[in-house]
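Welcome! Please take a look at the sequence and the structure shown here, and keep them at hand while you read.

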Amino acid sequence: MTGRHGLHARPAAELVSALRDFDAHVELRNDTTGIGPVRGDSLTSVLTLGVLPGHRLEVRATGPDAALAVAKVRALTVN
């Protein structure tokens, strides 16, 4: 589940910035609406997901830091 404010510009920018620290390819999908997947390293793409409070965000990652990247997404998007 996403936080109480959804994934609007500020939290989306924080998420995209944090994901750049990992050696992983991350894709995000709004599981509630079916929009996506989009690249997690693109603010514009992440914002197109339209994640609102209570929506479920699906995350997939590959690469050496995949598990760390998924954990970071979870930490930044869960209440």
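What follows is a short tour of the sheet, the helices, the core and a few single residues.

This is a predicted model, in which local features need pLDDT of at least 70 and side-chain atom pairs count only at pLDDT 80 or more, while totals for chains, interfaces and linings use all residues. Residues are numbered from 1 along each chain as its sequence is written, and side-chain values use heavy atoms, with hydrogens and water left out. Helices (H or I, at least four residues) and strands (E, at least two) are DSSP runs, numbered from the N terminus.

**The sheet**

- An open sheet is formed by 3 strands in the order β2-β1-β3, with antiparallel pairing; two strands pair if DSSP finds at least two bridges between them.
- β2 (35–39) and β3 are at the edges with a single partner strand each, so one side of each has no neighbour in the sheet.
- From one strand to the next, the twist averages 20° (axes are lines fitted to C-alpha atoms, for helices over the stretch in contact, and angles run from 0 to 180 degrees between N-to-C directions).
- α3 packs on the sheet, where it touches β1 and β3, and its direction makes about 160° with that of β3; contact means heavy atoms within 4.5 Å.
- β1 and β2 pair over 3 bridges, with Ile35 as the partner of Asn30 and Val38 as the partner of Leu28.
- β1 and β3 are joined by 6 bridges, and Arg29 has Glu58 as its bridge partner in β3.
- Which residues of β1 lie on its covered face, and which on its uncovered one? Val26, Leu28 and Asn30 are on the covered face, whereas His25, Glu27 and Arg29 are on the uncovered one.
- In a regular strand, side chains alternate between the two faces of the sheet.

**The turn and the cis bond**

- The hairpin of β1 and β2 has 4 residues between the strands, and Gly34 there takes a positive phi near 85°.
- Pro37 belongs to strand β2, and a cis peptide bond with omega of about 10° joins Gly36 to Pro37.
- Beyond its neighbours within four places in sequence, Pro37 is in contact with Glu27, Leu28 and Arg29.
- Pro37 and Glu58 are 21 residues apart along the chain, and their C-alpha atoms are separated by 8.5 Å.

- Ala12, Leu15, Val16, Ala18 and Leu19 are buried in helix α1 (residues 9–19); buried means under 20% relative accessible area, exposed over 50%, and partly exposed in between (1.4 Å probe, protein chains only).
- These residues cover an arc of only 165° around the axis, which puts them on the same side of α1; the arc is that of the directions from the helix axis to the C-beta atoms.
- The buried residues of α1 pack against β1 (25–30), α2 (43–47) and α3 (66–77).
- The largest nonpolar core has 14 residues, and Leu7, Leu28 and Leu57 have the most contacts inside it.
- Such a core is a set of buried Ala, Val, Leu, Ile, Met, Phe, Trp, Tyr and Cys residues joined through side-chain atoms within 4.5 Å.
- α1, β1 and α3 each supply at least two residues of this core, and the largest share, 4 residues, comes from α1.
- Leaving aside neighbours within four places in sequence, Leu7 is in contact with residues including Ala12, Leu15, Leu57 and Thr77.

**Two buried polar residues**

- His55 sits in the loop between α2 and β3 (57–62) and is buried, with a relative accessible area of 13%.
- The side chains of His55 and Asn30 make a polar contact at 3.0 Å; this is a pair of N or O atoms within 3.5 Å, where within protein one must be able to donate a hydrogen and the other to accept it, and residues adjacent in sequence count only if both atoms are side-chain atoms.
- Thr77, in helix α3, is buried with a relative accessible area of 8%, and its side chain reaches the backbone oxygen of Val73 at 2.7 Å.
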